[in-house]
Amino acid sequence: MTQRKGFTLVEMLVVVVIIAMLAGILLPAVLRGREAARRAECLNNQKQLALATQQFENARGQLPGYLNSFGGVDNLTWVIMLLPHLGEQELWKLWRDPNRPLAAKAQAGGTTLPVVKCPSDTSIPDHGLSFVVNCGRADLNEVPGNAKLLKASGLFFNLSDDQLKSRLAIRTEAITDGADATIMLSENLHASFWAPQPGPSNQVILLTRTDVGMLWTVDGAGCSRINQCRDEGDPNVLGPPPEFARPSSAHPGGVNVTFASGRQQFLDEGIDYRVYCEMMAPDDKIALP
């Protein structure tokens, strides 16, 4: 009798099937583990921004605006104002320099800042922004006559406007509903850039609150709910911002948010919209009808 060597075809097929079954069992767990790691890094980056915001408030006595002026320099986003508290002193010196043209500064807006990016947001450009700040109600114009209602509905405003600067100064300790109950930071897949960008013919593309902030509406119309109109091809995506100035993320089921106290939470996308609005508004009684 001759001794048989190797596997038969049937035995090989059995081994292949077993390996495929094991891979099918393990792959989802590996993917979940990777997403959990990305979400943890995303949350940590948001935490660093929250700490930098608190340091800014301790130094200046108020929160930054989503747009700011400093030393005669305008168009400074909230991220730019936090640069010295994020260990980016050289970038801060560049942006605060009144003698450097805005177009030259905008070229530096292409600098990658890992702390303002969420690794789960795989479509973000190198110089993009994943995180946004609470800019209040979308239907309110930023004019002096709306100052009380604006402060009741959000935390970050256009402080480049001298008429609004003193009226809209916000301190977290003075938040009527409490800093621990008011959302300060979140994610948004449709946020744009952390600084003004160079445009054609040496022009500069200035940023607005829909680029660097999140807004909410009383009735939840349009795409204002968490993760709504997020996916490409969604038939509800009808128009430009403020349709997309809301919390959204690549995480399944919700978004990471940070409250004004520094507390962090994964906010379920199915949260009752009224409850979400109450979390956004620093003073529910005034901001919500």
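The buried residues of helix H8 are covered by a set of elements that includes helix H5 (147-153) and strands S3 (131-137), S4 (183-187), S7 (213-216), S8 (254-259) and S9 (264-268). Please keep in mind that this is a predicted model.

**Helix H8**
- In H8, which spans residues 273-280, the buried residues are Tyr 273, Tyr 276, Cys 277, Met 279 and Met 280.
- Looking down the H8 axis, these buried residues fall within an arc of 160°, so they line one face of the helix.
- The N-terminal end of H8 is capped by Asp 272, with a side-chain oxygen 3.1 Å from the backbone nitrogen of Arg 274.

**Salt bridges**
- Searching the whole structure turns up five salt bridges.
- One of them joins the side chains of Glu 90 and Lys 93, at 3.7 Å from N to O.
- Glu 90 and Lys 93 sit three residues apart in helix H3 (residues 89-96), which means about one helical turn separates them.
- Both Glu 90 and Lys 93 are exposed.
- Another pairs Arg 137 with Asp 139, whose closest N and O atoms are 2.7 Å apart.
- Arg 137 counts as buried at 10% relative accessibility, whereas Asp 139 is partly exposed at 47%.

**A link between distant parts of the chain**
- Asp 180 and Arg 263 form a salt bridge, with their closest N and O atoms 3.1 Å apart.
- This pair links distant parts of the chain, 83 residues apart: Asp 180 lies in the loop between helix H6 (162-165) and S4, and Arg 263 in the loop between S8 and S9.
- Asp 180 is partly exposed, at 41% relative accessible area, and Arg 263 counts as partly exposed at 33%.

Notes
Residues numbered from 1 in each chain as written. Predicted model: local features only at pLDDT ≥ 70, side-chain atom pairs only at ≥ 80, totals over all residues. Heavy atoms only, no water. Buried < 20%, exposed > 50% of the residue type's maximum accessible area, 1.4 Å probe, protein only. Helix = DSSP H or I, 4+ residues; strand = E, 2+ residues; numbered from the N terminus. Arc of directions from axis to C-beta. Contact = heavy atoms within 4.5 Å. Polar contact = N/O pair within 3.5 Å; in protein donor to acceptor, adjacent residues only side chain to side chain. Salt bridge = Lys/Arg side-chain N within 4 Å of Asp/Glu carboxyl O.
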